[in-house]
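Okay, thanks for coming, everyone.

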Amino acid sequence: MAPIGTEPLAADGTPHRSGRGAPPTYAVAVVAGPDAGTSVPLNTTLLVGSEPNLGLTLNDPTVSRYHLELAPTTTGVRVKDVGSKNGTFVLGAQVHDVVLGPGATVALGRTLLCVVEEVERGPLSERHSFGDVTGSAPAMRALYAALERVAATHATVLLEGETGTGKALVARALHAASPLASGPFVELDCGAIAPGVAESELFGHVRGAFTGAVTDRPGAFARAHAGTLLLHHVSELPEELQPRLLRAIETRRVQPVGADQTVACEARIIATSSPALLSRVQAGQFREDLYYRLAVVQLALPPLRQRLTDIPLLVRKFVQELGSPVDLSTTLIGQLCSSEWPGNVRELRNVVERAVAGLPPTSPDLPRGVAGAPPAMTGLPFKEAKEKLVGEFAREYFTALLERSGGNVSEVARASGLARSHVYSLLIKMGMKVAP
């Protein structure tokens, strides 16, 4: 039986395994239903049902007394239905005996279980949130534990993580929990400033320093004095400014462009970067001494695919913020949990926002069933409704792929598994503008 679901990958693209050659360890988490939030380690065979004193007893009247059996294996978790009345389902298909990989979900009655691969971590925080950062998965609670320790200090912090993991949100939460919370919080995107004005943006300038400098202007360092300076995408900082940034961090003083004197700037520095910053250092594209000065405390934010059990919590938060209640069925949550989410939490929020607005999702990785067929479809003959639904799906699917690839048809073809000529014909047929 081949595992179903997505296994976490190591840096070389191979399936990750806990330890060196050691078999993985698993847990099962309840992500929807009356017992949502419960998590049980899978060290041995576990019986699940509504009967008291089982390995995992569920307070769900739609679950049989003895519903299913979970057992860890070297390739995943074996799920075996033991004669339940309502059945056991994976992505809407009824199963009787199957092996699931980490991240896979199992529906029984109104309850949804998720297979989780556990990794060795230090002590976990008891929090389920940190400021506006939300999540109760072990990876997030480990992050909270680190943030709790770091918040009380003035240490420079490097936040690394994939796009959409919430690095800016973590930085704001860290500032709010620090002794500098009453001071300013200043953000500067190193990747979005023009090279000609980058020095002025960082350190400021005095009147007459260059053409157009008609008044003195404090830079980001000066504006963040007695507070926190967040440097987004620090790896994009022009090479010629890296020595000056290093000196500013070390001396806590900056010299505005055109000025004769330095200015004291006591600000905590938080920098964000993709996980590839160290490889840029090794390739000689980023100063090694600056890297280690920024990485006094280095925190990695987990991608959403490594904390799928947080999806119901995040969806409820987004729905509440959007002010429009949506029924979170186990089918819906199961489909959300089955996506890879390359855009992480930001992508999930976009999908939820579209669902609240009554629009279908645009994520190519998200199963179509999240949106379902619009009610208007039921008023059409089957063939016509099917053609319309398929046509709408194709348009949404290829629109999302084009956006993600920057309009590169070859990349869309690779992602969709179709020939480039076929993709090009489909795009033309749908009236979508593409480069030849």
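Let's start with Asn-53, which sits in the loop between β3 (46-49) and β4 (56-57). Before going on, some bookkeeping: this is a predicted model, where local features need pLDDT of at least 70, side-chain atom pairs count only at pLDDT 80 or more, and totals for chains, interfaces and linings use all residues. Numbering runs from 1 along each chain as its sequence is written, and side-chain values use heavy atoms, with hydrogens and water left out. When I say helix or strand, I mean DSSP runs numbered from the N terminus: H or I with at least four residues for helices, E with at least two for strands.

Back to Asn-53. Its phi is positive, about 65 degrees, although it is not a glycine. Buried or exposed, then, for Asn-53? Exposed, because its relative accessible area is 78%; the cut-offs are under 20% for buried, over 50% for exposed and partly exposed in between, with a 1.4 Å probe and protein chains only.

There's another residue of this kind. Ala-226, in the loop between α4 and β18, has a phi near 70 degrees, again a positive value in a residue other than glycine. Ala-226 counts as partly exposed because its relative accessibility is 40%.

β3 and β4 pair in the parallel sense over two bridges; two strands pair, by the way, if DSSP finds at least two bridges between them. Gly-49 has Thr-57 in β4 as its bridge partner. Both strands belong to an open sheet of five, ordered β4-β3-β5-β6-β9, and the pairing there is mixed. At the edges are β4 and β9 (97-100), each of which pairs on one side only.

On to the other sheet I want to show. It is open as well, with five strands in the order β15-β18-β21-β14-β22 and parallel pairing. The edges are β15 and β22 (297-300); each has a single partner strand, so one side of each is left without a neighbour in the sheet. Direction ignored, neighbouring strands here are turned by 20 degrees against each other on average; for angles, axes are lines fitted to C-alpha atoms, for helices over the stretch in contact, and the values run from 0 to 180 degrees between N-to-C directions.

Have a look at β21, residues 268-273. Which strands are joined to β21 by four bridges? One is β14 (residues 157-160), running parallel to it, with Leu-158 opposite Ala-271. β18 (residues 228-232) is also joined to β21 by four parallel bridges, and there Thr-228 stands opposite Arg-268. How many of the six residues of β21 are buried? Six of six. Both faces are covered: Arg-268, Ile-270 and Thr-272 on one side, Ile-269, Ala-271 and Ser-273 on the other.

That brings us to packing. A nonpolar core here is a set of buried Ala, Val, Leu, Ile, Met, Phe, Trp, Tyr and Cys residues joined through side-chain atoms within 4.5 Å. The largest has 32 residues, and those with the most contacts inside it include Phe-221, Leu-245 and Phe-286. Among the elements that each supply at least two residues are β18, β21, α5 and α7 (288-294). α5 gives the most, four residues. Not counting residues up to four places away in sequence, Phe-221 touches, among others, Leu-202, Leu-229, Leu-245, Cys-265 and Ile-269, where contact means heavy atoms within 4.5 Å.

Cys-265 is buried because its relative accessible area is 2%. Cys-190 is buried too, because its relative accessibility is 3%. And disulfides? The structure holds zero, going by cysteine sulfur atoms within 2.5 Å.

One more stop, at α5 (residues 242-251), where Gln-242 lies. Gln-242 counts as buried because its relative accessibility is 1%. A polar atom of the Gln-242 side chain lies 3.3 Å from the backbone oxygen of Leu-237. Leaving aside neighbours within four places in sequence, the contacts of Gln-242 are Leu-237, Gln-285, Phe-286, Arg-287 and Leu-290.

Last one: Val-351, in helix α10 (residues 344-356). Val-351 counts as buried because its relative accessibility is 5%. Its C-alpha atom is separated by 9.6 Å from that of Val-315, 36 residues apart along the chain.

Definitions and conventions
Polar contact = N/O pair within 3.5 Å; in protein donor to acceptor, adjacent residues only side chain to side chain.
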